[in-house]
Amino acid sequence: MDTISQASARKASAVRKGVVIAVVLAVLTLIEFVVGLVFPNPWILLTLALLKAVIVIQFFMHVSRVFAREGGH
Amino acid sequence: MTTSGVSVHGRGHVDQVIENEHTAYQRMVRMLRIGLWLFIISDSFMFAGLFVSRFYLLGGTRPELSQALGLIVTSVLLASSFYMNRAETLIEHGDREGFLRCTLITIGLGLGFFVGVVFLEWPLAASHIGGPAASAMSSVFFMMTGMHAFHVITGILFLLVIYFNGRNGRYTPERHWMVEACANYWHFVDVVWIFFYPALYLIGTPVALEP
């Protein structure tokens with residue numbers, strides 16, 4: 001049986017994870033912007049975009065849930 | 001007569017019914033999730049077509065656009081994705097107030113993105129490259145941003161639906177499929193912009209055409 005403190009610790013951990021991912025995405029966007037202005041190599045820019053997309057799909061869209069046996073929730 | 005045996009039996013039956021309902025709900029969510037992802041994949045083919053047409057028609061050039069505005073609207077959409085994720089996380093953990101607050105912030109940021117692109121960027125772009133029918137470059141620009149903005153608007157409508165449903169207490173930590181679906185749709189809109197932003201604002205030599 002979960003205690004209230006365990007539940008709130010789980011919630012805090014999940015919220016923190018979202019913050020970390022958002023910071024990583026913000027840093028990548030800033031790098032993308034600087035690369036675009038200084039050295040606009042399309043391959044570097046598309047690689048950065050692909051990396052950001054993978055992060056969003058994996059951590060925000062939870063693509064792995066599609067393959068989970070459990071329905072979740 | 002003692003009723004303890006009967007009540008235990010009754011409780012067991014109720015537990016069984018709840019368990020069956022939960023299993024049926026989970027099975028339904030699994031199916032709905034696959035359906036949602038099939039929709040997202042099919043919609044992404046349309047955006048991929050626009051993305052490829054940009055490189056086919058414009059090659060190493062791009063429209064002359066405001067870099068500052070591009071970075072601002074991109075950051076606003078990124079922040080909205082963060083708040084959407086937070087809203088979903090909070091309803092998963094039973095924090096309804098937090099869910100409602102974050103959903104409202106997501107709606108506000110989504111509207112900010114829409115205003116930034118349609119009411120600020122479009123007139124600026126039109127002054128540099130002309131209207132949607134002026135050239136291949138302007139057609140590509142307005143088609144890509146317009147189709148994306150349309151998805152932003154439908155996403156905001158979806159967000160409003162889950163906001164009002166949430167206010168009426170329809171979502172619980174165990175049952176909130178609609179919130180998950182809305183969050184996935186909103187993140188998909190963000191993923192599309194992740195590719196459109198460099199394609200329109202960063203890659204290629206800026207070209208201003210006679211309007």
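Author: On a 1 Å grid over the protein atoms alone, a pocket is an open set of points where a 1.4 Å probe fits, with protein on both sides within 12 Å along at least five of seven lines. This is a predicted model, in which local features need pLDDT of at least 70 and side-chain atom pairs count only at pLDDT 80 or more. Residues are numbered from 1 along each chain.

Reader: What makes up the space in the largest pocket, and which residues are closest to its centre?

Author: About 340 Å³ lies in the largest pocket, a volume being the space filled by probe spheres set on the grid points. Of its 17 lining residues (an atom within 4 Å of a point), I57(A), S44(B), F188(B), V191(B) and F195(B) are the closest to the centre.

Reader: How do you know which helix gives the largest share of that lining?

Author: Helices are DSSP runs (H or I, at least four residues) numbered from the N terminus, and α1(B) supplies seven residues, the largest share of the lining.

Reader: Why is the pair K11(A) and D95(B) called a salt bridge?

Author: The term requires a side-chain nitrogen of Lys or Arg within 4 Å of a carboxyl oxygen of Asp or Glu; the N to O distance here is 2.9 Å, so the pair qualifies. The count between chain A and chain B is four salt bridges.

Reader: How is the size of the interface between chain A and chain B given?

Author: The two chains bury about 3,400 Å² between them, 70% of it on carbon and sulfur atoms, where buried area is the accessible area (1.4 Å probe) lost on being put together, summed over both parts.

Definitions and conventions: Chains are lettered from A and ligands numbered from 1 in the order in which they are written. Side-chain values use heavy atoms; hydrogens and water are left out. Helices (H or I, at least four residues) and strands (E, at least two) are DSSP runs, numbered from the N terminus.
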